[in-house]
Each structure stands twice: as C-alpha cells, then as structure tokens.
Amino acid sequence: MSDCVFCKIIKGEIPSSKVYENEKVVVFRDINPAAPIHVLVVPKVHIESLEALNQDNIGVVTDIHAAILETTRILGINEEGYRVIVNCGKNGGQTVPHLHYHILGGARFDEKII
Ligand code: AMP
C-alpha cells in the first residue's frame, strides 16, 4: 500500500536497518527498541493484521516463522531465548497496520502478561 510505512521500507523508500531478507519477508530493527535486541519480521505482501489472514495468504505465516528461526540465529539469541509478540488491532495495541511479528531478545523478560 502506497501510504504504509512498512511497504515503503520494503520498497526502499524509507531507510531501515535490515538484518535478514528473502523473497517473502524482511526483518529490520525497530526504530524505538523495547529491548537490547528488537527486530520486526514483516511479510513483503501487505496484510493489515493477523485478522486479515485468510485461506489465500495464510502461507505467509510459515514464511514468517522460518524467518524468525533464521533471524534468531543471525542475532545469536536462539540459544538463550527470546520473546515473539504480535499486536493485533486497537485493543492489541497495533500501531502500524501491516502484519509484523516483534522479536525481543538480549535480556530476560520476567514481567509476564500471560
Ligand atoms: P505495533 O505497535 O505492534 O504496531 O508495532 C509497530 C512498531 O513499528 C513499533 O515498535 C515502532 O517502533 C516500529 N516502527 C514504526 N516505524 C518504524 C520505522 N520507520 N522503522 C522501524 N520501526 C518502526
């Protein structure tokens, strides 16, 4: 989508600090990190949120999870562990309406919501 900030990053119209990219997914550092390591895993296709997944685009979830595994190895956090978060919609606190998974690492997260 032309006015989507993540679509602009994917097209190279806005700079980002990329840590991994393949045909389907890009991973870049969050501009406002909430942990020592905080990256966003973003499908190249514009999907608004988790709720916009459907039979035709659900395959992207596999691509995202494969990219998470690549990324945690690249960043060296796969052994110590990390947290993955997806915010969905207004009550989920989603601020960018393009599906993305947060990976948080480099620290131990003792506060638990669940
Ligand atoms: P959410 O609140 O789950 O929608 O997450 C959106 C995330 O995108 C926030 O953590 C922002 O800090 C991050 N963000 C917004 N704009 C950019 C940008 N241009 N580059 C990197 N991260 C961004």
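Me: In S2, which residue is the bridge partner of Lys 18?
Reply: This is a predicted model, where local features need pLDDT of at least 70, side-chain atom pairs count only at pLDDT 80 or more, and totals for chains, interfaces and linings use all residues. Residues are numbered from 1 along each chain as its sequence is written, and side-chain values use heavy atoms, with hydrogens and water left out. Strands here are DSSP E runs of at least two residues, numbered from the N terminus. Lys 18 has its bridge partner in S2, namely Phe 28.

Me: In what sense do S1 and S2 pair?
Reply: Two strands count as paired if DSSP finds at least two bridges between them. S1 covers residues 18-21, and there are three bridges between S1 and S2. The sense of that pairing is antiparallel.

Me: How many residues sit between S1 and S2 in their hairpin?
Reply: S1 and S2 are antiparallel partners. Together they make a hairpin. The number of residues between the two strands is three.

Me: How many bridges join S2 to S3?
Reply: S3 is the strand at residues 37-43, and S2 and S3 run antiparallel. The bridge count between S2 and S3 is five.

Me: Why is S2 largely enclosed by the rest of the structure, and how many of its five residues are buried?
Reply: Buried means under 20% relative accessible area (1.4 Å probe, protein chains only). S2 is largely enclosed by the rest of the structure because most of its five residues are buried. The number of buried residues is four.

Me: How far is an oxygen atom of the ligand from an N or O atom in the side chain of Asp 30?
Reply: Asp 30 is one of the residues that come nearest the ligand. From an N or O atom in the Asp 30 side chain to a ligand oxygen, the distance is 2.5 Å.

Me: Which residue has a polar backbone atom 3.3 Å from an oxygen atom of the ligand?
Reply: For His 102, an N or O atom in the side chain is 2.8 Å from a ligand oxygen. The polar backbone atom at 3.3 Å from a ligand oxygen belongs to Gly 93.

Conventions: Buried means under 20% relative accessible area, exposed over 50%, partly exposed in between (1.4 Å probe, protein chains only). A residue is near a molecule or strand if one of its heavy atoms lies within 4 Å of it. A polar contact is a pair of N or O atoms within 3.5 Å; within protein, one must be able to donate a hydrogen and the other to accept it, and residues adjacent in sequence count only if both atoms are side-chain atoms.
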